[in-house]
Amino acid sequence: MKTAFTLSDFDFTLPDELIAQHPAAERSASRLLDGRSETPVDRRFTELPDLLQPGDLLVLNDTQVVKARLFGQKSSGGRLELLIERVLSPTPEAGHEVAAHMKVSKKPRPGAVLQMDGGFTATLLGRWPHEDGPLYRFTLSSDPYALMASHGHVPLPPYITHTDSAVDEQRYQTVFAKNPGAVAAPTAALHFDDAVLARLEARGIQRASVTLHVGAGTFQPVKTENIADHQMHFERFEVPPATLQAIRDCKARGGRVVAVGTTSVRALESAAKFGPACRDTNIFITPGFEFQVVDLLLTNFHLPKSTLMMLVSAFAGYDHIMALYRHAIAQRYRFFSYGDAMLLQRRPLRQLPHAEI
């Protein structure tokens, strides 16, 4: 059993045609690879309620994807793209500041006023979160959320090659999204529709929510062969008191906490590790991590060499994950955001008492 890992350990060859470019015809029509045991079982997502037990707690990320991709031009006429990572001013009275990624041939200087498509402006203030930070701080000429709603584009992942459409606006969003702020969808939750949720409730499976606003850093490649040298991006999150109580109640009755997506895992395990008052996390989950909350994980298939491959390997075991991925490729599962799902069971390193969070 492998115990020391480098970036290359999380690589695999994926045929391009297995990268899903469009969602399934219906949300719950995707396939589900049941990876809870050593032998993988090919299922349909609609079978999920039957795989869980009455008394289990399903934890969903209720973040809402905003149309964070904006286009415009410099005073010289050169085109540019902004991807709003975070709205820094929560109220109009506090201003309209945002932190954003900027894609442009030559970076403008602080003070530059950018003319954005839709007739508004973005004034560059500097870098963020510090003077050498990876993002840029802008003041927009009016409310950022209103501008994104009116003039923004769905921030589809870089491996989806088509321009966003009305279909993407609907389907790159969960049916229970309510708290705006994400620039990438919690993709494992995209499979749920009202019918599946109703069947889960009828079976006695409880539901709770967390909010983790997924950042563009989720697609940031790991560039260091020594994975310990990789710096994770920060993401805003909240685990509400009602969810903390639901977890305690679940554990007390012998139920299992089922995290929907790696974002829910990051929120729950961050709250356990750093305390429920924590609101920003850059937790880096790699093999050897001791999970304190999550028992089962529903997730999509992730990019090679990604931090998410490391997370699922930490959760279910590296050798098991690599075997599941070989099976998924051989069976022509659809990969990444619009792809199919997988159900995993935690492989404990050793018996640990569940943390009080």
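Predicted model: local features only at pLDDT ≥ 70, side-chain atom pairs only at ≥ 80, totals over all residues.
**Notebook: pockets and cysteines**

I began with the second largest pocket, whose lining splits into 20 nonpolar, 13 polar and three charged residues. My classes: Ala, Val, Leu, Ile, Met, Phe, Trp, Tyr, Cys and Pro are nonpolar, Asp, Glu, Lys and Arg charged, the others, Gly among them, polar.

Numbering runs from 1 along each chain as its sequence is written, and side-chain values use heavy atoms, leaving out hydrogens and water.

I looked up the volume of that second pocket and got about 450 Å³. Its lining has 36 residues, with T218, F219, T262, H302 and L308 closest to the centre. Two or more lining residues come from each of α6 (262–274), β16 (296–300) and α7 (307–316).

For me a pocket is an open set of points on a 1 Å grid over the protein atoms alone, where a 1.4 Å probe fits, with protein on both sides within 12 Å along at least five of seven lines; lining residues have an atom within 4 Å of a point.

Next I took the largest pocket, at about 1,000 Å³. L83, E85, H101, A216 and G217 lie nearest its centre, out of 36 lining residues.

Last, I checked for disulfides (cysteine sulfur pairs within 2.5 Å) and found zero.

Terms used: Points joined across faces, edges and corners; volume = space filled by probe spheres on them. Helix = DSSP H or I, 4+ residues; strand = E, 2+ residues; numbered from the N terminus.
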